[in-house]
Structures are given as C-alpha cells and as structure tokens.
Amino acid sequence: MQAILKAIEYYLPPQVLNNPQLCEIAPNWSPQKIQSKTGIEERRISEEEELSSDLAVKAVTKLFESGACQPEDIDYLMLCTQSPDYFLPTTACLLQHRLGLRTSCGALDFNLGCSGFIYGLGMAKGLIETGQVKNVLVVTAETYTKFITPTDMSVRTLFGDASAATLITAQDSHSEQAPAIGPFVYGTDGRGAKNLIVQTGGMRKPVAGFASGGGVEDADEHVLVPPTLYMNGPEIFLFTLDAVPDLVAGICSRAGITFDDVDLFLFHQANEYMLRHLRDKIEIPPERFYVSMSHCGNTVSSTIPIALKEAHKAGRLKIGDRVMLVGFGVGYSWGATMLRWAMNT
Amino acid sequence: MNAPQFLAALHELFDVTAGSIHKETVLQDIAGWSSMTFIGLIAMLDEDFGVRISPGTILRCHTVEDLMDEVAAELTPTKMAA
C-alpha cells in the first residue's frame, strides 16, 4: 500500500488587493516596480470575519464537489495553519463538524508556514503506509493579512490569504516504480525565528491589555500593536541562499536522481524575484521551473498546492511525471520531497 | 573585483543614471533604496561576486566603498579558506 496525491482544490477569498491600490498607500512605489520585484499582480484578502477555518471549509467543499471524495471517506484531517480560530480547541476539530466528517475521523492542527505542505505530505504518507488510515485530507489555510500593518509594504506587497485542500489516499503499490510521494528531506534552524515572527498574542507577549488601550512593549520599549507580522526580508533571503541549494541537493541524493530525472521543479512561491535567483543559482532549467503566484501572492503553506493545481490545469503535468517540491521559510523550517504525478487531466 | 565593475553592478541594480553612484556615495542614500532593492543587493553580491554578505554587515556599511571593502575581505584567500 502506498500514499498517492489524488486531488487538489483551492480557494481564494474574493476581496482583491492589486498593485495600483498598494501604490495609493505608498506613493513612492509604482505598480510596475511591485510587479517586477515580486512577480505578484494581486493578492486576495480575507474579510474581517472570514477566518482560516472559513477558507478551509470552502477549499474542502470544492474538493467534495469535484467528486474526488465525499465527507464519509475521510479518515484523517490535518490542518496546517498559523492563524487558527482559537488557541484551543484545535481548528481541525471545528472543521470535522462543519464539513460533516465522521466522528471516527482523526483531526489535528499543525503550526508551520512555508514548509507546511511538505510536512503534511510526510505525515499523511506515514499514516497511510503504516496502515492506520486510507484517506487523509491535508488542508493548508492562512489569513496572514490579518497580522499585517497596512503601511508595511515589505510584507503587504507579498502575502495573500488562501486555503488549499489536498486528498492523499491509499493505493496498491507497484514495487518497480518510484514511490508516488517521497522520499523526504527535512530541516530546522530556530536561530531564524526572530526574522519572520508575530511576537504578540501568544503567552510570551499577550495582548489582553489592548482593550483598555494598553500596549505591549518590546525590549527596546517600542509599543507593539496587536499581533503583527514582522519580516526581515534580507535575512530570510540570505537564509534561502544557504538552505535551499543544499535542500535540493539533499533530495536528489536521497531519491538517487539527477536534475534530468525531474520533470517539474516547484518551490514555495515566496517571491518571484527570489525564486528566479535561486533557480539560476542552483542551475535549474527555466522551462522546468514552475511559478504561479501573480494571481494570489505568497499564500504561505498553500503556495505549493496552488501552484501544483495551476501546473496541472495548464497541462504541465502528466501521469507519471516526477515533480520536486521544495518548501522553506518561517521557523526557519524547510523540507523537500518528490511526487510521481497521479492526477488525471 | 574592481571598482568600475562593482559600481556598474550597483547602477544596474538601482536603475539609476550612469555616474550617479560613486565610492563615496552613502549606501542608503541611493535613490530607490528599499526593502526590495536591499534583497536585490544581496542577490547581486551572491550572483556577480560569489559572496554572501549578511544584512547586518551591509547596514553597518556607510558608503559604497565600505561595502566594497567587505566584499573584498570575503574574497581574500584567507577568508575563503576559513
């Protein structure tokens, strides 16, 4: 028995933030400059009352409506999010009920960002190939834009909200073929935690005082507004220059393949400028390096399933193709795996 | 690395008129300096000169010449062997 990726659907909230709108906030920027430096034309922004769980329900419902599976088929639901509805309970438990999944279904959240989809695939494969379950929903959902200060262009230009739902299912294995999912390479370096962080709102810096007009002060006595995303883009970029080439080499070594064996390379869609630099640095042929983020921006853990779905829709993937997936970012956390494409056109 | 090569790379990165950036130019006074061009600068140093200079080091460089000195230090044989 082996785990295969059987279906993907994704959902973007309807509210659009495009480059001309961003330039109204920051007049020293131009739409062309934002486009050329990020590869993004528009991002989707969740409404105030629209949470990660709401986006997830929409994405999974699309999966059910596609006929790929039905609620009663699902044995296990995992939700990758860093913007959950509550500290507790687990948002995946709320989703079990809202989606009408069986009460005999396992459900958990896991807190990862840009590497999350890779980790989700790894856990789903483990659950299926150890015979615990047959059908796993790997759901990624983020509303990072709720953490973003409107005037912080370093992050507002990049991030958009989204959810993706991916069905991983058990299938009889054929030993002569490469695994449908795997092998995996993982990595972590918590020294980078400070470079992409929401400092307030957790137990270390709670924001309970805000209702009475109080603030939370950091070590330098800056008053921090409620949960706010801070990104040190240059440090993150330097991290990717160090980690990603080794990660790609690591997955090639683990899988016993060369670049010639890879039909499509699909990296976490962080920022197209950065992706092109990494592509050229690693010497990946441009025609096999897929980018799809202009319509939604950096959607954190959903970028890889969204780009996979778009590559599939664009006819860039056929049954049996080998796809390299590479995720890296907040944590720092990173991971890579190989897929043998199994979705029909 | 030589100065004209380094200055030419900076002109291209910041897309400014030829001759507007000199060794004495204050780095963060270059027209178009932003979070995005900062990332572009790290990319340019990596791609064109094969060095990875940390953002903290770049921010400590006052002028273009200070940055050139950092790149040169990274390129010295002792540093490369370390």
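## Surface and charge of chain A

Chain A exposes about 14,300 Å², and carbon and sulfur atoms supply 51% of it (Shrake-Rupley method with a 1.4 Å probe). This is a predicted model, in which local features need pLDDT of at least 70, side-chain atom pairs count only at pLDDT 80 or more, and totals for chains, interfaces and linings use all residues. Residues are numbered from 1 along each chain as its sequence is written, and chains are lettered from A in the order in which they are written.

The mean positions of the 28 positive and 38 negative charges of chain A are 3 Å apart. Lys and Arg count as positive, Asp and Glu as negative, with His and the chain ends not counted; the charge is placed at NZ of Lys, CZ of Arg, CG of Asp or CD of Glu.

## Fold of chain A

Chain A has 9 helices and 16 strands, taken as DSSP runs (helices H or I, at least four residues; strands E, at least two). Along the principal axes, its C-alpha atoms fill a box of roughly 60 × 50 × 35 Å.

Of the 345 residues of chain A, 57% count as buried, that is, under 20% relative accessible area (1.4 Å probe, protein chains only). Among contacts in chain A with a separation of 6 or more, 78% come from residues 24 or more positions apart; contact means heavy atoms within 4.5 Å.

Methods. Heavy atoms only, no water. Buried < 20%, exposed > 50% of the residue type's maximum accessible area, 1.4 Å probe, protein only.
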